[in-house]
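This report describes selected features of one protein model. Please keep the sequence and the structure in view while reading.

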Amino acid sequence: MFNIYKSTGSISTVQNRTKVVATSPIIRKMAGIALSVIVEKLNEFAPENLAEKWDNVGLLIEPFTKRNVNKILLTNDLTENVMSEAMARGSDMIISYHPPIFAPLKRITQKSWKERIVSICLENKIALYSPHTSWDSVTNGVNDWLASALPLASAQPVLENLSNPSIGAGRLCVIQGELTLGAAIDRIKAYTKLKDLKVAVAVNRNLESPIRTFAVCAGSGTSVLKGVKADLYITGEMFHHDVLDANHQNIHVILLNHSNSERGYLPIFREILRNMLKDYQVIQIDVSEQDADPLQTY
């Protein structure tokens, strides 16, 4: 208790005067934003129920000791290098597009890299959230970002959500104006900042072939794009025989590598998240500098 008055030197005088006494401890407002608030905002943007049934999304690690979040690190994959970066940055929360915890963990030891990541998060009170396929489905999510690599006249989900047809997996798009395959390749490189792409040109077609429609699926497009009618598929990876099947149906295929078809969305989402949290205290939101596709071209 804190008595906020000055003594006059007389006990009786003090006792007879009205005292201004604090009736409760002084409460200092904590810096940062409550983890629950951030999770709520993340779910407002991309509800967890939009994720595929097989996926593991949402808040994966919640520290026992509650503390506000001052620094968030965005990453496509939470590797040990990214974990070290998060520690160096003093991150309170990591948003990892791919869920580091996917297959069930029967123990948390130091024997595997995923177990070590979980143990570091727990020991250092770092929250971990993963949106994965909920970001794929939502408007202004990963697939909308990837589709915007080319000039769009229109776009719609390849696999529509049953309750909301405007969202869902993949995007089937109509080109605005005229575009050749060669020009599309150049645009995608510039948009994604990738030096090279894997391109499978359709049978009896060439780089001058016109592109009027295209379909995208961030990550692995094998199941989502199978059977979709378009001039071009853009995805991270596909099975070899599915690429051959597409080519023999006069469909070109452009592969970016799995995470390269997703990672470029993180700077976009950083601004989305900043806007969602604009009414709260300013916090630091960083995009990982250590996050990278494991496949490199030499």
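## A buried histidine and its surroundings

His-98 has a relative accessibility of 12% and therefore counts as buried; the term buried stands for under 20% relative accessible area, exposed for over 50%, and partly exposed for values in between, with a 1.4 Å probe and protein chains only. The structure is a predicted model, in which local features need pLDDT of at least 70, side-chain atom pairs count only at pLDDT 80 or more, and totals for chains, interfaces and linings use all residues. Residues are numbered from 1 along each chain as its sequence is written, and side-chain values use heavy atoms, with hydrogens and water left out.

His-98 is placed in the loop between E3 and helix H4 (113-123). Helices (H or I, at least four residues) and strands (E, at least two) are DSSP runs numbered from the N terminus.

Five strands form an open sheet in the order E1-E4-E3-E2-E13, with mixed pairing. Strand E1 (58-61) and strand E13 (284-287) are at the edges with a single partner strand each, so one side of each has no neighbour in the sheet. Two strands pair if DSSP finds at least two bridges between them. E1 and strand E4 (residues 127-130) are paired in the antiparallel sense over 3 bridges, and Ile-61 stands opposite Leu-128 in E4.

## Aromatic pairs

The whole structure contains 7 aromatic pairs. Rings of Phe, Tyr and Trp (its six-membered ring) pair if their centres lie within 6.5 Å; planes under 30 degrees apart count as stacked, over 60 as edge-to-face and the rest as tilted. The ring centres of Trp-135 and Phe-269 are 4.2 Å apart and their planes are at 45 degrees, so this pair is tilted. Because Trp-135 belongs to helix H5 (residues 133-137) and Phe-269 to helix H10 (residues 266-276), the pair ties together parts that are 134 residues apart in sequence.

Trp-135 and Phe-269 are both buried. Ring pairs also link Phe-45, Tyr-97, Trp-135, Tyr-265 and Phe-269 into a cluster.
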